[in-house]
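Please examine the model displayed below alongside the explanation that follows.

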Amino acid sequence: MPKLQKFPRRWDKITCINFLQRKIILNCIAYYQLNTNKLTDKEYDELSRQLVSLQKDININDTQYGYVMYDFDGTTGFDLYDRLNASDKQYLMNIACHALQVSTRKSKTKKKGGLF
């Protein structure tokens, strides 16, 4: 059974779609631009299917990244970064780099209470 992204109850459908679009784009940046990944292929596929399903009932132009995701079908995201406007490219690249730095720092820190 697929693991769907859960959202706060107070979020409307557009807010949920905006969140998933951003999450997909950030993971595409990590994978295609920074040569790393935060999600497994299975997790990415599940999020993509959820996003595609949610986007069926709405006008894609009402979303924050609709200009990028207008024909997204979940099969690939290799071109999403190149479609972003300059300010969104910089903004999302900064978020992706920061998220990756934080996760690498966390994995390098030793847990207290260990023998060594």
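Helices (H or I, at least four residues) and strands (E, at least two) are DSSP runs, numbered from the N terminus. The model is predicted, so local features require pLDDT of at least 70 and side-chain atom pairs count only at pLDDT 80 or more, while totals for chains, interfaces and linings use all residues. Residues are numbered from 1 along each chain as its sequence is written, and side-chain values use heavy atoms, with hydrogens and water left out.

The protein chain contains five helices and zero strands. Read from the N terminus, its elements follow the order α-α-α-α-α. Of the 116 residues in the protein chain, 34% are buried; the term buried means under 20% relative accessible area, exposed means over 50%, and partly exposed lies in between (1.4 Å probe, protein chains only). The accessible surface of the protein chain amounts to about 8,100 Å², and carbon and sulfur atoms account for 52% of this area. Accessible areas come from the Shrake-Rupley method with a 1.4 Å probe, and for residues only the protein chains shown count as cover. Contact means heavy atoms within 4.5 Å. Among contacts in the protein chain between residues at least 6 apart in sequence, 64% connect residues at least 24 apart.

The pairing of the helices H1 and H2 may be considered next. The axes of H1 and helix H2 (residues 41–55) come within 10 Å and cross at roughly 145°. These axes are lines fitted to C-alpha atoms, for helices over the stretch in contact, and angles run from 0 to 180 degrees between N-to-C directions. The crossing of H1 and H2 is left-handed, a term that applies if the near helix is turned anticlockwise from the far one by less than a right angle, whereas clockwise is right-handed. On the H1 side, Lys13, Ile17, Leu20, Gln21, Lys23, Ile24 and Cys28 take part, and they meet Tyr44, Leu47, Ser48, Gln50, Leu51, Leu54 and Gln55 of H2.

Gln50 lies in helix H2 and counts as buried because its relative accessibility is 10%. Apart from neighbours within four places in sequence, Gln50 contacts Leu4, Gln5, Phe7 and Leu20. Asn27 belongs to helix H1 and is buried because its relative accessible area is 13%. With neighbours within four places in sequence again left aside, Asn27 is in contact with Lys38 and Leu39.

Asn35 sits in the loop between H1 and H2. Although Asn35 is not a glycine, it has a positive phi of about 55°. Asn35 counts as exposed because its relative accessibility is 66%.

Three salt bridges are present in the structure. A salt bridge is a side-chain nitrogen of Lys or Arg within 4 Å of a carboxyl oxygen of Asp or Glu. In one of them, the side chains of Lys13 and Asp57 meet at 3.0 Å, N to O. This pair links distant parts of the chain, with Lys13 in helix H1 and Asp57 in the loop between H2 and helix H3 (66–69), 44 residues apart. Lys13 is partly exposed because its relative accessibility is 32%, whereas Asp57 is exposed at 60%.

Asp71, Asp79 and Arg83 are linked in a network of salt bridges. The side chains of Asp79 and Arg83 meet at 2.9 Å, N to O, and those of Asp71 and Arg83 meet at 2.6 Å, N to O. The latter pair also links distant parts of the chain: Asp71 is in the loop between H3 and H4, Arg83 is in helix H4, and twelve residues separate them.

Asn85 is found in the loop between helix H4 (80–83) and helix H5 (86–108). Asn85 is partly exposed because its relative accessible area is 35%. In sequence, Asn85 and Tyr67 are 18 residues apart, and their C-alpha atoms are 9.2 Å apart in space.

Finally, the surface carries a nonpolar patch formed by Tyr31, Tyr32 and Phe78, with about 320 Å² of accessible area together. Patches are made of residues with over 30% relative accessible area and no salt bridge; like charges are joined within 9 Å, and nonpolar side chains (Val, Leu, Ile, Met, Phe, Trp, Tyr) within 5 Å. Tyr32 is placed in helix H1 (residues 13–33) and is partly exposed because its relative accessibility is 34%.
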